Amino acid sequence: MPQNRLSLTAGIAKRMDSTDQTKRDTLQRVFDLMTQWLEKAKDPDTPVINYRQPSDLAEDLALNPTFSGAGELGLLRDVENYLENAVKTSNPAYLNQLFGGFNHPGFVGELITALTNTSMYTYEVAPAATLIERAMVDKMLSYTGWEDGSGVFTTGGSNSNLLAMMLARNNAFPQTKMHGLPAGVRPVVFASERSHFSMLKSANIIGIGQEAVVGVDLDENGQMRGAALEKAIKRAMEDGKTPFMICSTAGTTETGAFDAIDEVADIAEKYGLHHHVDGSWGGGLILTEGRNNRFRGLERADTFAWNPHKLMNVPVVCAVLLVKDAQLMDRHIRTMDADYIYHDNENSQLDFGPASLQCGRRVDALKLWLAWKYYGDDGYAARMDKVLELASYATQYVEENDRLELLFPTQSLNVNFRFRTPDGIDVNLFNRDLRYRLIRTGQAMVNYCHLERGLSIRLVLLNPDLEHSDLDRFFERFIACGKEMLSEIEAASTSR
Ligand SMILES: *Cc1c(COP(=O)(O)O)cnc(C)c1O
């Protein structure tokens with residue numbers, strides 16, 4: 001009998017071996033495809049996007065799973081197809097959003113996170129990851145100067161802002177956690193007129209309504225300053241509203257402006273308000289500037305949102321909310337009514353789950369940890385210096401070129417500009433069309449926004465692997481495309 005059983009398991013082992021071999025081959029092929037794709041994606045001559053109409057793309061992708069599975073070959077075909085049609089965000093002409101580039105150790109971390117597939121709620125099921133997340137939170141707290149602080153990785157800056165707003169609300173109205181907001185109060189939050197739209201979403205989610213977010217007037221550099229803020233607070237109080245939070249933005253999405261954090265801190269202290277700093281975009285610059293210059297006063301704030309998936313360019317998603325007073329988190333967020341996950345044992349105080357808005361949560365700290373160890377504090381500071389330098393270079397390029405016009409004084413990493421057009425041409429429509437033409441031809445992806453002076457091409461410098469020559473190429477393509485459009489307009493008007 002025992003012998004029989006042995007041979008039986010041996011047979012199973014053998015069969016498993018052959019399918020395992022096929023899977024190993026597939027994996028090897030996928031790795032080959034990945035390295036080839038990456039090399040191609042980084043090549044400046046590769047179109048940054050293979051621009052397709054949705055119907056064509058849908059057909060090529062063969063979207064619907066079929067009755068019988070497509071197996072290994074189908075898997076490889078689908079992967080190739082997806083890669084072919086993915087936007088090449090590691091391409092030097094990808095300048096469209098606040099993430100991009102390719103971070104080698106961060107990418108390795110992302111792979112290992114998927115490989116080891118666990119969930120961040122308990123030390124028990126994610127021991128190393130829990131210690132790594134704790135170490136990363138502590139490391140980041142050392143930059144804010146919050147020794148008794150705490151923090152948690154979130155699903156992004158929007159989620160960090162939401163968690164901060166919830167914390168502030170529950171701290172101001174402590175009965176809310178158990179019983180909801182007290183009747184009759186009209187809580188309000190103050191933020192830069194150009195604060196991120198996630199502030200509105202957060203206000204919606206926490207039940208105070210989007211109109212509870214009061215936009216504060218900005219100065220000529222797009223900064224929220226103390227005087228304008230105080231005026232807005234007084235007006236709201238006169239209207240019978242109850243201020244409970246101020247959000248400073250450390251790097252606005254559109255102009256890269258940093259609110260005057262120290263002036264805001266004065267006001268927050270004077271009125272006893274929670275002071276959140278949304279550093280989702282510009283937060284990474286703290287690595288080179290410490291608490292000087294743009295971050296002066298941050299040590300007096302209460303919460304700080306920092307997105308390593310933007311400026312530290314590790315793969316999306318990687319975001320953190322830091323909290324100055326660890327007890328706030330425990331008092332107002334922590335819920336442990338899930339005794340099927342959370343057990344009272346020797347290590348349960350290490351569990352991240354109770355303080356997160358999620359239950360299951362990805363290991364996003366690993367890629368940051370690997371990247372930070374790979375580059376070192378100094379290496380990351382140098383990467384921040386590099387992107388600042390690239391932004392200065394791009395600003396200078398715009399200022400020195402007759403065809404281009406700077407639309408906002410560069411504050412950090414956002415360079416807002418447009419193509420100058422002759423009289424009789426709508427400059428806003430022209431620049432919007434120019435931008436779409438660059439995308440359709442795969443030459444560059446750059447985004448736009450609306451500023452006081454009109455539609456603005458918003459060039460964002462966050463990829464420290466770019467060189468001046470990459471920016472030269474981008475501007476050359478931009479200008480050539482604009483000239484081509486001008487001559488088409490001219491040709492059309494003379495033929496009429
Ligand atoms: C990008 C951004 C956010 C949102 O971050 P996500 O990770 O995209 O959710 C919040 N605030 C500012 C200022 C941002 O630029």
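A pocket, as the word is used here, is an open set of grid points where a 1.4 Å probe fits, with protein on both sides within 12 Å along at least five of seven lines. The model in which these spaces were found is a predicted one.

What takes up the space of the second largest pocket? The ligand does, and 15 residues surround the ligand, with G157, S158, T253, D278 and K310 the closest. Helix 6, which spans residues 157–172, gives the largest share of this shell, namely 3 residues. The shell around the ligand divides into 11 polar, 2 nonpolar and 2 charged residues.

An oxygen atom of the ligand lies 2.8 Å from a polar side-chain atom of S158, and an N or O atom in the side chain of T253 is 2.9 Å from an oxygen atom of the ligand. On the nitrogen side, a nitrogen atom of the ligand is 2.6 Å from an N or O atom in the side chain of D278. The ligand taken alone would expose 380 Å², of which the protein buries 85%.

The largest pocket is another matter, with a volume of about 1,000 Å³. Its lining counts 31 residues, and M34, W37, F102, F107 and E110 are the closest to its centre. Helix 1 (2–42), helix 3 (71–85) and helix 4 (104–116) are the elements that each give two or more residues to this lining. In the largest pocket the lining has 21 nonpolar residues, beside 9 polar and 1 charged.

The largest cavity has about 50 Å³ of space, and its lining consists of Y94, L95, Q97, F99, G100, G101, V460, L462 and N463, a set with 5 nonpolar, 4 polar and no charged residues. The second largest cavity, of about 30 Å³, is lined by P44, N91, P92, A93, D470, R473, F474 and R477. Here the classes are 4 nonpolar, 1 polar and 3 charged.

Methods
Residues are numbered from 1 along each chain as its sequence is written. This is a predicted model: local features need pLDDT of at least 70, side-chain atom pairs count only at pLDDT 80 or more; totals for chains, interfaces and linings use all residues. Side-chain values use heavy atoms; hydrogens and water are left out. On a 1 Å grid over the protein atoms alone, a cavity is a set of points where a 1.4 Å probe fits but cannot get out, and a pocket is an open set with protein on both sides within 12 Å along at least five of seven lines; lining residues have an atom within 4 Å of a point. Grid points are joined across faces, edges and corners, and a volume is the space filled by probe spheres set on the points. Helices (H or I, at least four residues) and strands (E, at least two) are DSSP runs, numbered from the N terminus. Ala, Val, Leu, Ile, Met, Phe, Trp, Tyr, Cys and Pro count as nonpolar, Asp, Glu, Lys and Arg as charged, and the others, Gly among them, as polar. A residue is near a molecule or strand if one of its heavy atoms lies within 4 Å of it. A polar contact is a pair of N or O atoms within 3.5 Å; within protein, one must be able to donate a hydrogen and the other to accept it, and residues adjacent in sequence count only if both atoms are side-chain atoms. Accessible areas come from the Shrake-Rupley method with a 1.4 Å probe; for residues, only the protein chains shown count as cover. A molecule sits in a cavity or pocket if more than half of its atoms lie within 2 Å of its grid points.
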